[in-house]
Amino acid sequence: NPSIGKLRWVLPGSAMGPAPAGEQLRGAAGEPEVIELALDSTGKKKTSSRKRAKAECPAERLLQPVKLSRAELYKEPTNEELNRLRETEILFHSSLLRLQVEELLKEVRLSEKKKDRIDAFLREVHQRIQSVPSIPETELTDQSWLPAGVRVPLHQVPYAVKGSFCFLPPSQVTVVGSYLLGTCIQPDINVDVALTIPREILQDKDGLNQRYFRKRALYLAHLAHHLAQDPLFGSVRFSYTNGCYLKPLLLLRPHGKDERLVTVCVHPCPPLDFFRPCRLLPTKNNVRSAWYRGQSPPEDKLPTPHYNTWILQDTALESHMQLLSTVLGSAQGLKDGVALLKVWLRQRELDKGLGGFNGFLISMMVTFLVSTRKIHTTMSGYQVLRSVLQFLATTDLTVNGISLCPSSDPSLPSLADFHQVFPVVFLDSSGRLNLCADVTASTYHQVQHEAQLSMALLDSKADDAFQLLLMTPKPMVRAFDHIVHLRPLSRLQAACHRLKLWPELQDNGGDYVSAALGPLTTLLEQGLGSRVHLLAHSRPPVPEWDINQDPPKHKDSGTLTLGLLLRPEGLTSVLELGPEADQPEAADFRQFWGSRSELRRFQDGAIREAVVWEAGSMSEKRLIPHQVVSHLLALHTDIPDTCVHYVGGFLDALIQGPKESSSTGEEALAVAVRCYDDLSRLLWGLEGLPLTVSAVQGAHPVLRYTEVFPPAPVRPAYSFYRHLQERASLLPRLDKPCPAYVEPMTIVCHLEGSGQWPQDAEAVRRVRAAFQLRLAEVLTTQHKLLCRATATHTDVLKDGFVFRIRVAYQREPQILKEVRSPEGMISLRDTPASLRLEKDTRLLPLLTSALHGLQQQHPAFSSVARLAKRWVRAQLLGEGFTDESLDLVVAALFLHPEPFTPPSSPQAGFLRFLYLVSTFDWKNNPLIVNLNNELTAEELVEIRSGFLAARTQLPVMVIITPQDCKSSVWTQDGPSAQILQQLVVLAAEALPILEKQLMDPRGPGDIRTVFRPSFDMYDVLIRLTPRHIPRHRQAVDLPAASFCRGLLSEPGPSSLMPVLGYDPPQLYLAQLREAFGDLALFFYDQHGGEVIGVLWKPTSFQPQPFKASNIKGRMVVSQGGELVMVPNVEAILEEFTVLGEGLVQAVEARSERWTV
Amino acid sequence: MVARRRKRGPRGSRESLPSPPGYSAIPVKFSEKQLASHYLYVREHRVREGTQSVWPQKHTLFVLNVPPYCTEECLSRLLAPCGNIKSVELQKKPDLAEGSREPKSKFFHPKPVPGFQVAYVVFQKPSGVSAALTLKGPLLVSTDSHPMKSGVHKWISDYEESVFDPEALRVEVDTFMEAYDQKIAEEETKAKEEEGVPDEEGWVKVTRRGRRPVLPRTEAASLRVLEREKRKRARKELLNFYAWQHRETKMEHLAQLRKKFEEDKQRIELMRAQRKFRPY
C-alpha cells in the first residue's frame, strides 16, 4: 500500500529515537485510520472514517469517558472497598495519586527474582573475599610488592609517610546500606559491602596524615588484584565513595548476562573502637602542615573537619545501618517514602557526586523526622514524601542544625562548633559526625528551593502533581536560566592559591575543586546579589576506572557548571549601589569590585561608591550577570575570561533584527506599543463621529509583544514606487524588487451603544463601512493623519507605523447568529461568519490584552514566544499553527511552570517549549492556560471531563483559556494530526541536540542547527527568487546580499501610504493552496524562506471514480477499461511556474514517488 | 499502477481523449510555452424535468475543471469561435439549487482567490453549444494578442485594484442605506396599519410595540423563564431531611468516588501502556 509508506514522514524513523513520551504519539500516528481522518476534506467522510477507526481498534490509546451501569454504581459497598476508600482519603491526596505512586514503586522496586540472584552473588563475593591470600608486612612507602596489573587507587601526595602495611583477610564482611533496608531503587542497583580491616594491619596514630587512607587504598588494591583474576566477576573497577578522592572503593560486577544486574561496592572500614572519637572532632587537626606542605607555619594545628569526617564515616557505617534498620525495618510506608524521595532527588540531579543529597542522607532525614515524631511509622509513602519536603522547605540547616543524638553529653561538641566549620549541619546519633559535612551551602539551598517548589505544587492540588514531581527530569540546562561552564578545572588550583585556601586543601586532601567551590559560590552570590534567585553548581561526576590505571585527577572531571536562576526584577538595574564614600564599608566595596567601583554623585546629593554596567537593551541587561561573573572571577580568583563559558545569550541572535545586534527587539516592540497607545488616546478623544469611541483594543501580535520581528517605523523612498496621487498611495513597481513588507497592526475600535443600528446583517456592514469612512475623514482633518478607508477597516499611518482600525458593533455576531424557526421563535445558532467575527472582535482583543499583561509580569515572555514561533516557522510548519495558539503554548510555560519556575531567559524558555511540545499528550489532555488565574479548581475538573466526553469533536490540539473553555478557538483550523505529529517529532529531535550544544563547555558550535529545516521529505521544491521575497533578510542564515526594499534609513513623515501587506510568496501560496490544496500540502518559512516544499497527499493520488464536484486539476484516464480520475501532475507542475511567474525561479520535482 | 511517464503513450491521438460519459474533453494550456495541458470537460447544461434553472436549456454549456488563471473574459474569448456568447459565469462548485443572482458589490464581497472552477457559458444559439462540444483545442489562455497577467504582474495589479476610491464606496453605501431605510419604513407603516386589526379568522397579532410589550420570542427568553421556575421549585425542596435522603446522598458520594476510581484506573492503564512510570 503506497499510502502507508508515504505517510511515514510523520512518523519518527527508528534511528531518531525521540523522548520516550513521544512513543505513545508515534504509536498513535501509526494507525492509518487516524491519519486518513485529517486527509479527508469533506466533513461527511470524516465522521464515517472516524467511526471506522473506532470500530477497528478498541481505542486503547484514547481515554474514553467512563460508563458504569447504575447497578454497578449503586451496589452495596463491601467492607474492604470502604476501607480502601477511607485509606485513600486519609493517606493519599486522591485515588489517582495513590495508583500512580503504587505504579511507580512497582517500577523502581527490586523484584524478588532479582533479589535471589543478587543474594546468591553476594554469597559468592563473601567467599572470594575471605579467600584472598595475605601478604607479609612492608613499609607503607615500599609498594614494590604490588603486582604489575594494579595501581593504588589514591593520589599519594606527599608520598613519604610513616607506618607499615600487610594484608590479612577482613575480619568481618557485612552488607550495609539501602539493599538490606529494601529502599534501593532501579535501574542502578548498588549493594554496599563493608569489610572490616583486621586490627593487626592498623597501628596507633593511623588517623594522622592520611595513613589510614593509604592503608585503605592498598588494602583495596591487593583485593582488587586477586578478585580481578576470578572468572566470577565481569568487571572489577575502582571508584570514589561519593566522589571523595581520599576514599576509593571497589566495584564488583557479575560476569555474563547479569553484568548490569548489580554493582557491589566494597568499602573497607576500621574495626570498631579503633579510632578514639575525641581525636576526630571537627575542631581537631589530623593532617599536619609540616607533613603536608613540608613546612611548619605558626598555625600548624588548624582543624581538619572534612578529613575527620571521612574517617568517622567509615567507623559509623555499621551503627548507621543498625539505626536505619530499626527505624525503617518494619514500616513499609517509610521505605516507600525513601524510595520516592530518591526518585525525587534523582530527577533533580541532586543525588550524585561529592556533597550530593544521596539516598543515605535522605534516609537519615526520615529517621530524624521519625525521632521527632513528625513522621509516624504508619504513614504512607506519599505522606512521608510530603513531610520530608515540608521539613526541607521550612527549615534552614545552615543556621539551625539538627542532631539525631539524644543525649546532652557535655563532652560532645556543640552544634555551634559544627556550624563554624560546616555550612550545613545534621549530626548523627553519636553527636560527632556531621552527615552533611560535604554538602555545600548552595547545594543545600537548591534542595530547599526544590522542596519549596514541590510543596507549592502539592498544595495547589494540581491534577498532574505526581507527573511533575516525580516523573519530570530537571536537567540543569532546562532548570536554570543561564549556565556558566568553568573549564579547564585546573584553573581552580590557581584560584585556591589566590584565595589562600591552603588549610582547606590540606583538609580536603588536595581536592582543589571542593576546596574552591564554597568560596567561589559565595563570591558570585555576593556579586550577583539581587540579580539571582539561586546559584547552583554541578557536582563533578564520580569517575570509575580500571584497576590497572592511575586514579583520575581532579582536573579530569571535566567542567564545573554553575546554574543561575535569575530574578527578573533585579535584572533591570545597571547599577550596583555601594556605601557612601566616607563610610568604612566603602573600602570593602572597593576591594570587592576592584577597578569597576567608582565614586558617583547621585541626584539626592549623596556621593557613593557604585558599579555601573554597560547595558542598553533588555537583552544586554539580561546578560549583565555574565559581566559580573567574568569580572569577579578574573579579579578574585585569577580565572581569565577565556575559561569562563557563559551560556545565556546564544539564542538571542535568532530574534535579532537583520540590522540590530545589541537588542532582541523588546525595545522596538515597546516603541510600537507606545505609538498604539498614542493612537488610542486620539481615538478616545475624537469629535465628530456619530457615536463616540467606547473602547480601543489591540488585536495584533505586536501589541502583545510576540511578533517575531518587530515593525520598524517606515519612510518610503518615493522613487522606488509608482504613485497613485489622488488616493495618496504608493504601488509596487514591476521593474523594482518587491518593496519592504509592512504589515498593518490591527486594532478593534468599539463604539458606544445605540439603538439606531439596523438589525439586518447586510445593512450593519454598510453602516460599519460608513463609520470607517467617517473615521478616516475625522482623523485626517483633526489630527493630520494619513488614512485610507475600506469597507471593513481604516488604515492609519502614524509615526511610521501603520495601524488597521476595525470598527466593531457588539451586537453584530448576535445578528449573524439569529435563526428564526418556522414557529417564529428566534434562537441563536453559531454560524461560520458569526464565529469568525466573534473571534476577531471579542476573543482576539481579550487574548491580546491578557498576554500583554503577562509580558508585564514576566519580561522574558516576549523573547520566548518569538523564539518559539521563529523555530516553528523555520521548520516550515508556521502555516499549520495560528499565531495565537503558539503564543498560548508559551504562555503556559509561564503560567504553569511546574516543576520549574517561570523562565527568565529566552534560552531556558525555549528549551522548555521544546520539552512541552514533545512530551505533552495532546490526545488525552487539553492544554489549559489559566490566564489571570480565572478558572477555579472546580471549573478545571469540569473542563477535563467535558474534554473527554467531546474528544472526537475537538481539534487535535486543544488549548483552553478562561475565555474559551470549550471549543479551542485558536486551533480549530489546524494543525492537522500529521502536522502536529511532525512538530512533536521535530521538537523531540531538536531538544537533545540543542541541550547538548549548550552544555558543551567548548561552546555551542552553530546554534542555528536546530533552526534549519530538512528538505529531504518533500516531493517538489519550488525555489523562489530573492528579488520578490520582501522579508528575505529575516532568514535564519542571513543572506550575503539582498535587495534594496525602497525604505529611507531615517524615519520621517510621509504623505503617501506605503505598500501594505504585499508579500508575493504569501499571495502565491494562497493561490497554490486554493488551487491544489486537495492534492498537496505546501510548506514555507514566511521569514525569508527561499524554498516552498510541496508534499503530495497520498490519498489524493489514488485513482477515483469521476465526480463532477471533485475534478479540480485531475484528468480522466481509462484504467483497466474503467474511467478514473487521476491528478494531472505534469500540468500541475507547469502551473506552479505559471501562477508564480516572476517569483518562481525553478520547480524541482525531486521524487518519482507518486504513481498513478 | 502505471508509472507516470508511461501514461503519455495511449494519449497520442487527439481523437481518443478519454472523457467521462456525456462530456467531451478540450485540452487547455496557459500559453504556447507549456508542454502539458489541463482538460476542460464540457457538456450541455441539463436539469431534471421540473426543476428551475437560471441558465436557458439548450443554450448553455457546462464546463468543468477551469484552471485558476482562466477568467470569465478569457473563457468567453476562447469559446467565441463557436458562436455568439451571451454570458459566462464562473463558480466554485456546480450549483444545483438556485441562489441569488444579484450583482455583488466589489467593496463588500471581494473576489476570492481562484482555484479550479466550473463555468456556465450561455450561447445565443443552441448551435454554439454543439460547436463547443466538438472543439479540438488546445485552447491557449494567454496569447501574444491577449496576454494574461499572472504571478507578480497579477499581484501588483490586484494590489492596485484593492486601493479604491473611497468616494465610490460612500456612494454605494448611501444608495444601499436609502433603499434599506425605505424598506424598513414601509414595513413599519404596514405593521402600524395592521396593528389591532383582526385577520380573516379573527386573530389579532400581538406585537412588541403595543402599550404593554410582551416578551420577545427568543430562545434565550424562554430559557430564562424555565430557569426561574426551576429555582422557585428548588427553594421549596428540603434537603437531607428524611432518612432516605441522607442515605441517598451518601450513596451518591460513594458512586462519585467509584466513578472517579474507574476513571483513574483507566488513566493509569493508559500511562502504563505509554510507559509513563519509568522515571528515567
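The largest cavity has a volume of about 70 Å³. It is one of 12 cavities of 30 Å³ or more found in a search of the whole structure. A cavity here is a set of points, on a 1 Å grid over the protein atoms alone, where a 1.4 Å probe fits but cannot get out. Grid points are joined across faces, edges and corners, and a volume is the space filled by probe spheres set on the points.

This is a predicted model, in which local features need pLDDT of at least 70, side-chain atom pairs count only at pLDDT 80 or more, and totals for chains, interfaces and linings use all residues. Residues are numbered from 1 along each chain as its sequence is written, chains are lettered from A and ligands numbered from 1 in the order in which they are written, and side-chain values use heavy atoms, with hydrogens and water left out.

**Lining of the largest cavity**

- Lining residues have an atom within 4 Å of a point.
- From chain A, the lining takes A:Ala1108, A:Ser1109, A:Ile1111 and A:Lys1112.
- From chain B come B:Leu64, B:Asn65, B:Lys92, B:Lys93, B:Pro94, B:Phe116, B:Gln117 and B:Val118.
- Strand 3 (60–66) and strand 5 (117–123) of chain B each supply at least two lining residues.
- By class, the lining has 6 nonpolar, 3 polar and 3 charged residues. Ala, Val, Leu, Ile, Met, Phe, Trp, Tyr, Cys and Pro count as nonpolar, Asp, Glu, Lys and Arg as charged, and the others, Gly among them, as polar.

**Chain B layout**

- Chain B holds 6 helices and 6 strands. These are DSSP runs, numbered from the N terminus: helices are H or I with at least four residues, strands E with at least two.
- Along the sequence the pattern reads β-β-β-α-β-β-α-β-α-α-α-α.
- Its domains are domain 1 (24–162), domain 2 (165–194) and domain 3 (239–269). The bounds come from an automatic or database domain assignment.
- The centres of domain 1 and domain 3 of chain B, taken over C-alpha atoms, lie 67 Å apart.
- Of the 280 residues in chain B, 32% are buried. Buried means under 20% relative accessible area, exposed over 50%, and partly exposed in between (1.4 Å probe, protein chains only).
- B:Ser19 sits in the segment before strand 1 (24–29) of chain B. B:Ser19 is buried because its relative accessible area is 18%.
- B:Ser19 and B:Phe62 are 43 residues apart in sequence and 14 Å apart in space, C-alpha to C-alpha.

**Helices of chain A**

- Helix 7 (residues 95–108) of chain A has 14 residues and should span 20 Å at 1.5 Å a residue; its end C-alpha atoms are 20 Å apart, which agrees. The expected span is 1.5 Å times one less than the number of residues.
- Helix 7 of chain A is mostly covered, with 11 of its 14 residues buried. Among them are A:Leu96, A:Leu97, A:Arg98 and A:Glu103.
- Helix 14 (residues 332–347) of chain A contains A:Leu341. A:Leu341 counts as buried because its relative accessibility is 0%.
- A:Leu341 and A:Glu1130 are 789 residues apart in sequence and 64 Å apart in space, C-alpha to C-alpha.

**Cysteines**

- There are 0 disulfides over all chains. A disulfide is a pair of cysteine sulfur atoms within 2.5 Å.
- A:Cys278 is in no disulfide; the nearest cysteine sulfur, that of A:Cys405, is 16 Å away. A:Cys278 is partly exposed, at 38% relative accessibility.
- The sulfur of A:Cys1044 is 12 Å from the closest cysteine sulfur, in A:Cys738, so the gap is too far for a bond. A:Cys1044 is exposed, at 52% relative accessibility.

Terms used. On a 1 Å grid over the protein atoms alone, a cavity is a set of points where a 1.4 Å probe fits but cannot get out, and a pocket is an open set with protein on both sides within 12 Å along at least five of seven lines; lining residues have an atom within 4 Å of a point.
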